[in-house]
Amino acid sequence: MRAVRQWKRAVKDKKETLYDNLVTYCGSGHYPYHMPGHKRKSNTAGLADAFGIDITEIDGFDNLHQAEGVIKQAQERAAALYGADETFFLVNGSTCGILAAVTAATEKGDTVIMARNCHKSVYHAVFLQELRTVYLYPGQITEYDIADAIVPADVEAALENCPECSAVIITSPTYEGIVSDIGKIGRIVHEKGKILIVDEAHGAHFGLAGGMPENAVRQGADIVIHSLHKTLPSMTQTALLHVRGSLVNRRKLRAYLRIFQSSSPSYVLMASMDACIAYLQDNAEDCFAGMKQNYDFFMNRTDGCRHIRIGRPENIINGNYAFTAWDIGKLLISVKDASVSGQALYDLLREDFHLQMEMAAESYVLAIMTIADTRESWQRLADALLEIDDRIINEKIIENKAAEGQGRDRIDSSESGPEEKPYGHPVVRMTIAEALHRVYEDTAAEPRAVLLEEAAGESAGEFINLYPPGIPLLVPGEVIEEGMILQIQKYRKSGLQIQGISSEGKVIVC
């Protein structure tokens with residue numbers, strides 16, 4: 001507790017540097033059930049002395065933007081591990097890989113077919129290329145209020161209706177770990193001669209050991225982007241872009257990677273990637289077997305919970321869902337039918353048990369588990385959930401936030417609201433590029449902003465999204481409908497983080 005108090009004081013002290021705050025927090029006792037995947041343990045893949053290896057492009061150390069030596073060999077090791085024809089290191093995270101992939105696969109003004117629950121970086125690429133979009137809408141896994149996988153038949157129908165499209169872009173796994181049938185989708189896309197781009201940022205661990213879902217590279221996707229740092233022992237901002245097949249213009253792709261990546265790539269980050277790859281080549285099977293044992297232990301340990309439920313395929317009642325797998329590294333801790341909100345559970349875990357979760361949603365909390373988590377880590381979370389579940393049963397949970405006037409500890413189930421569809425079907429009034437150009441074309445005037453409750457019928461002028469995970473609820477150019485306004489208000493009341501709305505409750509419109 002003393003270390004926790006020291007960290008909180010350090011955060012309030014403006015004289016403390018970011019580094020000071022990080023060091024103090026590191027010793028505070030808070031355990032990370034979130035990214036990055038190394039869980040602050042340098043022993044998993046080395047790099048304890050990062051300053052000593054922080055160099056620039058000196059003789060003998062190659063150049064990322066024209067790799068011919070040691071970096072080229074490192075990228076080839078990564079390609080061999082994942083089954084790619086060619087792999088590129090990304091030091092600006094998956095974001096730069098997505099920007100380069102979409103830009104390389106399209107021309108200005110083209111049309112793309114994309115999942116509506118893609119990350120905002122895909123939408124940024126759409127803006128830069130002034131693309132038109134045809135959306136694939138995932139269904140909903142109603143037991144847990146999360147998006148389902150993309151249905152292959154929907155991809156086929158979209159391609160039939162939009163033969164002029166340049167590429168198909170989907171996210172698999174989703175932020176919550178839901179996996180689409182990439183093999184089937186890939187065959188459908190390739191029958192039409194189109195490029196399939198898969199944002200597999202949260203699935204960098206897929207296909208590396210038995211019992212794990214296969215990765216999208218080996219299932220036939222043309223471009224796959226992996227965030228190593230999300231689920232593997234690698235530093236934040238490290239990612240990979242894989243290419244397979246002959247449909248992608250690789251010279252064009254390399255050109256855009258040079259544009260979207262830093263011209264001074266970090267050797268520390270590249271070394272982290274290569275060390276991670278080498279570690280996995282030698283240890284993947286044992287590591288993931290151990291992770292599966294820990295997962296099974298956690299599930300057995302939490303079976304006694306009566307109000308808190310852990311998301312897993314076995315608990316799905318509806319057999320008509322599209323997902324093919326659910327990543328065991330994503331622990332979705334549901335309180336949908338309990339008397340607490342996801343945000344309240346998140347706060348309890350952090351403040352009472354010093355367990356920092358990845359994110360809170362309205363009815364669940366998400367924890368990210370990796371091969372760096374020990375049995376003690378899994379047990380610590382399980383024990384905390386059992387204790388909280390007992391509090392809920394005995395109606396003691398009310399002591400949490402109500403006394404502070406935050407009003408986030410209970411959900412009024414009688415409160416009316418729109419149907420729970422986080423990625424609805426809004427009317428697209430104009431393209432993203434048209435909307436943003438309209439908002440910012442007059443540099444002398446402030447963009448027009450209105451109160452959210454008065455915005456019905458207006459066109460969104462900026463992205464509005466929950467963060468994390470960074471998936472837009474509203475996209476520039478879409479009509480703001482009353483149902484979405486109510487949904488956003490409900491999210492705000494639950495204490496969730498929403499980007500794109502000012503502190504006064506206003507949104508930019510065009």
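Mentor: Before anything else, a term: a residue is buried under 20% relative accessible area, exposed over 50% and partly exposed in between, using a 1.4 Å probe and protein chains only. On that basis, buried residues make up 56% of the 510 residues in the protein. This is a predicted model, in which local features need pLDDT of at least 70 and side-chain atom pairs count only at pLDDT 80 or more, while totals for chains, interfaces and linings use all residues. Residues are numbered from 1 along each chain as its sequence is written, and side-chain values use heavy atoms, with hydrogens and water left out.

Trainee: How many helices and strands does the protein have?
Mentor: There are 14 helices and 22 strands, taken as DSSP runs numbered from the N terminus, with helices being H or I of at least four residues and strands E of at least two.

Trainee: What about α4, is it buried or exposed?
Mentor: Helix α4 is largely enclosed by the rest of the structure, because 12 of its 13 residues are buried; among them are Cys96, Ile98, Leu99 and Val102.

Trainee: What does Met357 touch?
Mentor: Counting a contact as heavy atoms within 4.5 Å, and leaving aside neighbours within four places in sequence, Met357 meets several residues, including Tyr33, His34, Leu349 and Leu381.

Trainee: Switching topic, how many aromatic pairs are there?
Mentor: The rings of Phe, Tyr and Trp (its six-membered ring) pair if their centres lie within 6.5 Å, and planes under 30 degrees apart count as stacked, over 60 as edge-to-face and the rest as tilted. By this rule there are 11 aromatic pairs. Tyr123 and Tyr135 form a tilted one, with 6.3 Å from centre to centre and 40° between the planes. Tyr123 lies in helix α5 and Tyr135 in strand β4, so the pair ties together parts that are 12 residues apart in sequence.

Trainee: Are those two tyrosines buried or exposed?
Mentor: Tyr123 counts as buried at 0% relative accessibility, and Tyr135 also counts as buried, at 12%. Together with Tyr137 and Phe463, they form one aromatic cluster.

Trainee: Where does Gln75 lie?
Mentor: Gln75 lies in helix α3 (residues 70–82) and is buried, with a relative accessible area of 9%. Its side chain reaches the backbone nitrogen of Phe89 at 2.8 Å. That is a polar contact, a pair of N or O atoms within 3.5 Å; within protein, one must be able to donate a hydrogen and the other to accept it, and residues adjacent in sequence count only if both atoms are side-chain atoms.

Trainee: Last one, which side chain does Asp145 join through a polar contact?
Mentor: The side chain of Asp145 is joined to that of Ser363 by a polar contact of 3.2 Å, and Asp145 itself is in the loop between β5 (140–141) and β6 (146–147).
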